[in-house]
Amino acid sequence: REAGRRTYIPVMSGENKLSWQVKDLIPNSEYYFRVKAVNKIGGGEYLELRNPIIAEDPKQPPDPPVDLEVHNPTSKSVTLTWKPPLFDGGSKIMGYIIEKLAKGKERWERCNDYLVPLLTYPVKGLEEGKEYQFRVRAENAAGISEPSRITPFVKAVDPIEAPKVFLAANLQSGLEVKRGDEIILEAHISGSPYPSITWLRNDEVVRPEEIKKRVTTYTRKKKVRDSIRADHGTFTIKVENDHGVAKASCEVNVLDTPGPPVNFVFEDMRKNSVICKWEPPLDDGGSEILNYVLEKKDNTKAEMGWVTVSSTLRHCKFHVTKLIEGKEYLFRVFAENRVGSGPPCVSKPMTAKDPFSPPDPPNKPDVQDVTSNSMVVKWNEPKDNGSPIIGYWIEKREINSTHWARVNRNLVNALEIKVEGLLEGLTYIFRVCAENAAGPGKFSPPSDPKTAQDPIIVPGPPSCPEVKDKTKSSVALAWKPPQKDGGSPIKGYIVEMQDEGSTDWKKVNEGDKLFPTCECVIPNLKELRKYRFRVKAVNAAGESEPSPATSEIPVQDILEEPEIFLDIGAQDFLSCRAGTTIKIPAVIKGRPVPKTFWEFEGKAKTTAKVEATDTRSVIIIPECNRSHSGRYSITAKNKAGQKTVHIRVNVLDVPGPPKDLKVSDITRGSCKLSWKMPDDDGGDRIRGYVIEKRTIDGKAWTKVNANCGSTSFVVPDLISGQEYFFRVRAENRFGVGPPAETIQRTTARDPIHPPDPPIKLKIGLVTKNTVSLTWKPPKNDGGAPVTHYNVE
């Protein structure tokens, strides 16, 4: 019971124990307890505590602090850090006591007058050069803990640290300000002893008086008020002590309008246009030049203002047009960046006029290659007077007329022209003028008169004759006509020959028996004798020069080895559909005429039909099937040799039946079919398989899957207990082949296995001659109901 109450509350009853742990007490409350013994007769008298018990945890001094460490030693002080005790003794830690021990002494000295509430403490007042050890104690309401682990000896000396300097985070990628804004550069510096600081700009020391007292320098910060464009550059802070030097730099860009463009010049000055050209400003104002503004002014009129030519120029060049010839102009150009426009660059005065004059007249033209309707006019190039000649104008005039007519509609770039469309029998003269950028010049003197008529001369020589055929007593020749017929049609040709060992040329035909075409056969030659031949062309003006002569040609029969050309698109492979007719035509060449025969896979093909002539042989196979696939060969023989050509034929058809169709993994709702690919794929890749099923009493087949890509398939949706037959057919792009069917019927039912063992066997009532057993059925009945149990 609580000390302030009279009623006791039972906390334990009916247990045969001599001790008991009472729970759920209210902390810091006072309680009385009593206990009595009980047997079958009843309870005895209570044994009661005389004084109340307070419900509180026992208190004791805390454990010592842990992880004591020394930091930042100097010649006068060190900094200690630690972690609180692992156990506070049941009472809140009130603070910590720090103690030190100088080397060579035996007594520990307290460093703090009052308890330290934090986990760190700077120990001051150390003697420079001496070594010290430190320890810490924790204190709670129950007392002071044991001391912590003692630190190693620490010497009271200042640390040696090379200087370090880092620019503020916002300056890491540089600083950009507009003109007139303030430049503020701030750096973070460390080092022992503390380093000296120097600011530099572009590797030169910055002094306030150098920038008209606009610069303010603090220990770690530099300010430049009212910045100007000249303030841009690389600012560097340099820190230095006895142990080293450190630097940090920042690119400062002061944005301003760009300077004026430079080197304004004129190019290609004309009477109504000029090309203005300049170079970018020497200073872009710290920002990319976005564009240029070009303006012009009529310098002949003082009251005229500046007129904008273009304000969106991206390049330093512009072609100014629509100028007035003879006027004087001034030009100026501004550069613009994202801050604004800079001062202009003004050109020198420029007068709009051409720097050259029209060309001189050409010399007297020369007329050549006169025909009945055309003449070729030629001339020499005149002086261009400062501008390249861009072409020529040609005029013609009949000798009895006073009117000159233009020959060409467009400028002629060559030094000659073929004038066509002339009237036969009329006499013409011609004149020429040149034109450059300043315009056309004066015409040349007229040419000598020429009458439009065709000249007649002997033709040119034919080409060298070629031997087209020969026998043991004749030679067949062919040649090409002359390139020029001399102005008169070719009447025919004379052939001359030279006998072996002779230097004389004999005519094969006379002038009254000309060969009318470019070929002939020369008979009555001596076998194995050698001859040379040449040809002359004849027109109304006479005989031409002879053609080049042939080399010595022996008169004998020509032997040509057989050649075979298969007259089909694919020279070595032929594909066709089953049921169609195969025709393989071959063109045969050779002298004498070769004999031909066909073979299939090295044997004579007796079922095929062969149609043959001296120059052609065709093998025909009507209504072909897969057995006709294979290699066909045609062989041609004559005295000169033998030639064989092969072609492979692939007859395409539906695939054959799949192999080894098996049924496995049968359940009441599904089964697995597996098979192998057909021996014959029909000559084409198998695209898939068609799976079908039918019940034992059904006649129709039902598709299970229209296109199976593998050689196995799980047939779903079977009716439990129903008997089925299955079949599988392969399919390629030519259709579905014959099926492979299951021979034995398949019943849709789950497989039956022995059941699992019964579980939870227990022994019940036992007598001197019986025992009672109980158990639970197995978790898995093996696919069929359990019929009975065997007890052993």
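A salt bridge is taken here as a side-chain nitrogen of Lys or Arg within 4 Å of a carboxyl oxygen of Asp or Glu. This is a predicted model, in which local features need pLDDT of at least 70 and side-chain atom pairs count only at pLDDT 80 or more, while totals for chains, interfaces and linings use all residues. Residues are numbered from 1 along each chain as its sequence is written, and side-chain values use heavy atoms, with hydrogens and water left out.

**Stop 1: salt bridges**

Select D660 and K676, whose side chains meet in a salt bridge with an N to O distance of 3.4 Å. D660 belongs to strand β54 (residues 659–664) and K676 to strand β55 (residues 671–676), so the pair ties together parts that are 16 residues apart in sequence. Strands (E, at least two residues) and helices (H or I, at least four) are DSSP runs, numbered from the N terminus. D660 is partly exposed at 45% relative accessibility, and K676 is partly exposed at 48%. For these labels, buried means under 20% relative accessible area, exposed means over 50%, and partly exposed lies in between (1.4 Å probe, protein chains only).

Next, select E496, K507, R534, K536 and E543. Salt bridges that share partners join these residues into one network.

How many salt bridges does a search of the whole structure find? The search finds 35. Side chains of opposite charge can pair when their charged atoms come close.

Move to R338 and E176, where the side chains form a salt bridge at 2.6 Å, N to O. This pair links distant parts of the chain, 162 residues apart: R338 is in the loop between β27 (328–336) and β28 (345–346), and E176 is in strand β14 (residues 175–178). R338 counts as exposed, at 52% relative accessibility, whereas E176 is partly exposed, at 44%.

Now select K327 and D298. The closest N and O atoms of their salt bridge are 3.2 Å apart. K327 lies in the loop between β26 (317–320) and β27, and D298 in strand β24 (residues 291–298), so the pair ties together parts that are 29 residues apart in sequence. Is D298 buried or exposed? D298 counts as buried, with 9% relative accessibility, while K327 is partly exposed at 23%.

**Stop 2: distances along the chain**

A706 lies in strand β57 (residues 702–708) and is partly exposed, with a relative accessible area of 48%.

Select V475 and H753 for another pair: they are 278 residues apart in sequence and 99 Å apart in space, C-alpha to C-alpha. V475 is part of strand β39 (residues 475–478) and counts as buried at 1% relative accessibility.

Then select A246 and I197, which are 49 residues apart along the chain, with 9.9 Å between their C-alpha atoms. A246 sits in strand β21 (residues 244–255) and is buried, with a relative accessible area of 13%.

**Stop 3: annotated domains**

An unreviewed UniProt entry carries the annotation "domain: Fibronectin type-III" over residues 1–58, 64–159, 260–355, 361–454, 461–561, 657–750 and 757–792. UniProt positions are given in the numbering used here, feature names are shortened, and annotations may be inferred rather than shown by experiment. Select residues 260–355: the span is 0% helix and 46% strand, and its end C-alpha atoms are 29 Å apart. Residues 757–792 are 0% helix and 39% strand, with end C-alpha atoms 13 Å apart.

**Stop 4: surface patches**

Select L761, I763, V766, V771, L773, W775, V786, Y789 and V791, which form a nonpolar patch on the surface with about 840 Å² of accessible area together. The elements giving two or more residues to this patch are β62 and β63 (771–776). V786 is found in the segment after β63 and is partly exposed, with a relative accessible area of 34%. Patches are made of residues with over 30% relative accessible area and no salt bridge; like charges are joined within 9 Å, and nonpolar side chains (Val, Leu, Ile, Met, Phe, Trp, Tyr) within 5 Å. Accessible areas come from the Shrake-Rupley method with a 1.4 Å probe, and for residues only the protein chains shown count as cover.

Finally, select K760, K762, K776 and K779, which gather in a patch of positive charge on the surface. Lys and Arg count as positive and Asp and Glu as negative, while His and the chain ends are not counted. The place of a charge is taken as NZ of Lys, CZ of Arg, CG of Asp or CD of Glu. K760 lies in strand β62 (residues 759–766) and is exposed, with a relative accessible area of 54%.
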